[in-house]
Amino acid sequence: MNATFPSTPAAADAALVRGAAAPDAPSPLRGALQYFATLAIALAALPGLTACADMSGIAPHAQMRDAASLGLAAPAAGAARPSEAAQKSFAEATLPTDWWLGFGDGQLDALIDRALATNPNLKLTEARIDRAQAFIETARAADGPQLNGSLDVNRQLYSANGPYPPPLAGSVLNSGTARLSGSWEIDFFGKNRAALESALGSANAAQADAQAARLLLASNVARSYFQLARLKAQLGVAERTLAQRNETLRLVRDRVDAGLDTQLERRQSEGGLPEARQQIEAIQEQIALTRNALGALVGQPNAANALDFPALDAIHSIAIPGTLPADLLGRRPDVAAARWRVEAATQDVAVAKAQFYPNVNLTAFLGLSSIGLDRFAEAGSKEWGIGPAIRLPIFDSGRLRANLRGKAADVDAAVESYNAALLDAVHDAADQLASARSIDRQQAEQRHAQEAAEAAYDIARQRYQAGLGNYLNVLTAETAVLLQRRQAVDLEARRLDTQVALIRALGGGYAATTPGAAGAVATAAPAAATAAH
């Protein structure tokens, strides 16, 4: 095709902008009809293009456990109505999120509040929640229209040997382009929706993880605090033992001076003093270490140094359920987090499947473009375009199938992690319930044993003082008394510690903020299993 170019750069710019129409150029109406006809054919053929997707043989295989498989199913229809005591136990099973207030200890309340406000691990979980929320916004943005603006201004030397004929060839000219470009991916196959659901699942899992971290931190602070109470009581037993042995030593010395005992009894009595002092020192070491651990949990290393020793008998007990209803395990934040990860992994599979199908984008642009900036703002410099863009993977050497297989494996891993979390939850709660019941029975028996040991010790001392018994009987009786006193302290401390552990095992009052996030295990598990397939 021959063309005549103006002799001046400005005239050349105008000629290029105007563009001479070819004699056989189609009319605008004819061109529009051809465009829409082609578009209609492409859209009509779109469903047929999906037949190219080959996902056969790739699917998750893991099955989520349900409450019935764990022996936690609710009573069947027509079963006997639970007793009033059982109903009350179930009603009390819903623990408050600030459950530690039930112990009635102001120092403990202040420590836990401070730990929840300053602990770095909780700050880390909050950062993870923020990141998960950002992913949600990113996924949501992908489903909406996008608009971009651009402005390019160039001064260019056109090649004398390039595609442009003279006078452009070999000349230096200015050019400019200003454009608004928009695009909108039409989510025919649900890729963006699945990505959004996956991001929501990850965010819900992060929130549940944060609640699990909060519960773990509060329970660790409470357990460390009760450990201090136990050590205080043990220190009292050890100091009482030292005072008692000093008193016994004076009695032995008096009897030795009176010729009623030998140096053997005196040396035996003297040997008990350094042993008692060593026990006191060992307890003091444990107290220092526990204070340090409590300070680390609170986030202030010296915070525990100013505490008054709590007394075990001054700490209230918290009413806890005696059974394991299925819905309680559904309220455990770690189980809820595992359940949400299954949901997120399932949606990732949907995203991977959608990548097998055509990707349809509606694009448009509007702007100005010219060679020669003196005509840049003229009407003849305008340009626009609109139309769909369809992309279909035809051959990728198995990349999409490998990606889908990996996402299916992620679902299997998430399901098995959920099953493991569920089993651990049942195991943990059952162990704590068994320990709580056993400790109550042990305490009852221990009280009887201590009463008998104290009485036997009093009798042994009186008989020894009266010359009717030997010192070996006193030592034997004293050993039994010390054992029972220490055991009484340990059992009382274990009772409080087990209460905290059981509260943690039952979720610590966790309740999901999103509907269905931590529903009953009996209903959540089958639904997730169906979604995973």
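## Basis and overall make-up

Residues are numbered from 1 along each chain as its sequence is written, and side-chain values use heavy atoms, with hydrogens and water left out. Because the model is predicted, local features need pLDDT of at least 70 and side-chain atom pairs count only at pLDDT 80 or more, while totals for chains, interfaces and linings use all residues.

The protein chain has twelve helices and four strands, where helices (H or I, at least four residues) and strands (E, at least two) are DSSP runs numbered from the N terminus. Of its 533 residues, 39% count as buried, that is, under 20% relative accessible area with a 1.4 Å probe and protein chains only. Among contacts (heavy atoms within 4.5 Å) with a separation of 6 or more, 84% are between residues 24 or more positions apart.

## The nonpolar cores

The largest nonpolar core holds 49 residues; such a core is a set of buried Ala, Val, Leu, Ile, Met, Phe, Trp, Tyr and Cys residues joined through side-chain atoms within 4.5 Å. Trp99, Phe103, Leu108, Ile112, Val221, Phe226 and Leu294 touch the most other members. Two or more residues each come from helix 4 (106-118), helix 6 (191-257), helix 7 (263-298), helix 10 (399-465) and helix 11 (471-505), and helix 6 gives the largest share, 15 residues.

Leaving aside residues up to four places away in sequence, Phe103 touches Leu108, Phe226, Ile315, His316, Ile318, Leu496, Gln499 and Val500.

## Helix 6 against helix 7

Helix 6 and helix 7 pack at an angle of about 165 degrees with their axes 8 Å apart, the axes being lines fitted to C-alpha atoms over the stretch in contact and the angles running from 0 to 180 degrees between N-to-C directions. The two helices are therefore roughly antiparallel to each other, a term used for angles over 145 degrees.

Within helix 6 is Ser224, which is buried, with a relative accessible area of 15%. Not counting residues up to four places away in sequence, Ser224 touches Thr290, Leu294 and Leu297.

## A cis peptide bond

Most peptide bonds are trans. Pro166 and Pro167, however, are joined by a cis peptide bond, with omega about 10 degrees, and Pro167 lies in the loop between strand 1 (146-157) and strand 2 (172-186).

Definitions and conventions:
Buried < 20%, exposed > 50% of the residue type's maximum accessible area, 1.4 Å probe, protein only. Parallel < 35°, antiparallel > 145°, perpendicular 65-115°, else oblique.
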